[in-house]
Amino acid sequence: MGGDIPADTKLPDDVLEKRLREAINASQNKATFSSLDLGSLQKWPMATAGELDTRARPLVRAMQRGSIDEAQRLLFSSGNRVLDAGATPGASPSANPFIGLREVVAAIGGLLDDGGTWCVVQSEDESSSIGIRVVSVLEIHEDTPVIVVLYRPFNRSSAKDCAQWISEQSKSNAPALGNGFIHIKRPSIEVKLLLLYLKLNASLVPADFPVDKKPNEARFKPSVLLPVAPLDFDALAKIAHNLGCSVCGKKGASRCAQCQTVWYCGAECQRADWPDHKQSCKSLKGGRWVPITFQEQLPLPSIPGVDPKQTKYMSNINKFSSDFSGRSTATRKFEAADPPPPNVWGDRVFMIKLQVALSYGEPGHMMLYDRKRSFQGFMLRKDNPAFAELYAEMLGPRGGFGGMKMYRWAKRTGDWELSVCLDRQPQTDTKW
Ligand SMILES: [Zn+2]
Ligand SMILES: [Zn+2]
């Protein structure tokens, strides 16, 4: 989903949970569903086994959201992560629990397409699981379903209840599924994330919504599944701001004096983080930071007979949006003249890639972008006193890549401004 939290984070649970809440809510675009009235929605057109129904729309697709950017990455990565109707959920646990959450939600959609009505999502160590039974599938609009479910978390001490529930479910809804019941095994962090997602979504189900609990479901609670998208960069920018102390999350922290790249509330947190921070801190020590300005695109040659606004728009399709229906982005881009890219990194230092186009002679511009591709822009020689020095770095021993590109640490200092650490080569193996 994109909200970067290091695996070995020392943020306390309540801070983490708050960030997770924000991320989960944003990923479902939930702000737009605040007035969702479940009782008034139509049923989603489900396919019926053996019947050709042109109105039916597969849920495995409808429950997935992706950005074009992500789709491209998926396409070019060797392991195609897009779950298809025939894919086995849980076959390839994701390295990123947020992607995992999206896969599980899509997999439940696929299960419904196949005639299933319930499943158990269990942690790989089998210490916890969630029983989920689908109550109804409704349509918010034609590409957005909402799946109303009953769910209950089980742990080792309630494992017997879980087994009993499974056995009763199998009697009522097994034939379509062949192997009796759907058992989705995922890393335990994903099961926790799914549980938090269900808890957060529970408030969308009105108290009087009919859910028809069975006798063994007294402790089940209603909630909904909504499509989960990768966070778009506007949402990430909101989450990335004001992170406070890098260790404990406390507000009012100050920067590491040596590298200026991390924030601590005090000496105690700084000491605790030193073993991890040491390397990047030393590699930036004493570096020379230069200001640069960039713009979204190169000046376009005017095309006779074409409205300049039109050419601009064509070069400006927002590939970062997670709204894959394209409804809002086109109009938003048209109305706003050159909005600055969202600042997804907040006050943090991040890596940028600078590259020049293959050309004869001295380049007149460099392209630059960050790893997340939250922005991509051009730094023009004529606007940047530091251009020649940066180009010399690229050609020099700290550049690499045949003088065509290099990586550098940067900080966002304005809408169209960065501060770049000129003479320190980031220690990184990841090439992008
Ligand atoms: Zn702290
Ligand atoms: Zn430092």
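I began with β13 and β14, which pair in the antiparallel sense over four bridges. Helices (H or I, at least four residues) and strands (E, at least two) are DSSP runs, numbered from the N terminus. Two strands pair if DSSP finds at least two bridges between them. I found Arg 412 opposite Leu 418 in β14.

This is a predicted model: local features need pLDDT of at least 70, side-chain atom pairs count only at pLDDT 80 or more, and totals for chains, interfaces and linings use all residues. Residues are numbered from 1 along each chain as its sequence is written, and chains are lettered from A and ligands numbered from 1 in the order in which they are written.

Next I traced the open sheet. Its six strands run β9-β14-β13-β10-β11-β12, with antiparallel pairing. The edge strands, β9 (289–293) and β12 (376–380), each pair on one side only.

Then I checked what lies across the sheet. Helix α11 (residues 387–395) lies across β9, β10 (350–355), β12 and β13. I read its angle to β13 as about 145° (axes are lines fitted to C-alpha atoms, for helices over the stretch in contact; angles run from 0 to 180 degrees between N-to-C directions). Contact means C-beta atoms, placed from the backbone, within 7 Å.

Last, I looked at α8 (residues 267–284). A kink of about 70° lies at Trp 274, shortly before Pro 275 (the bend is the angle between axes fitted to the seven residues ending there and the seven starting there). Just after α8, Gly 286 takes a positive phi of about 75°.

Definitions and conventions. Contact = placed C-beta atoms within 7 Å.
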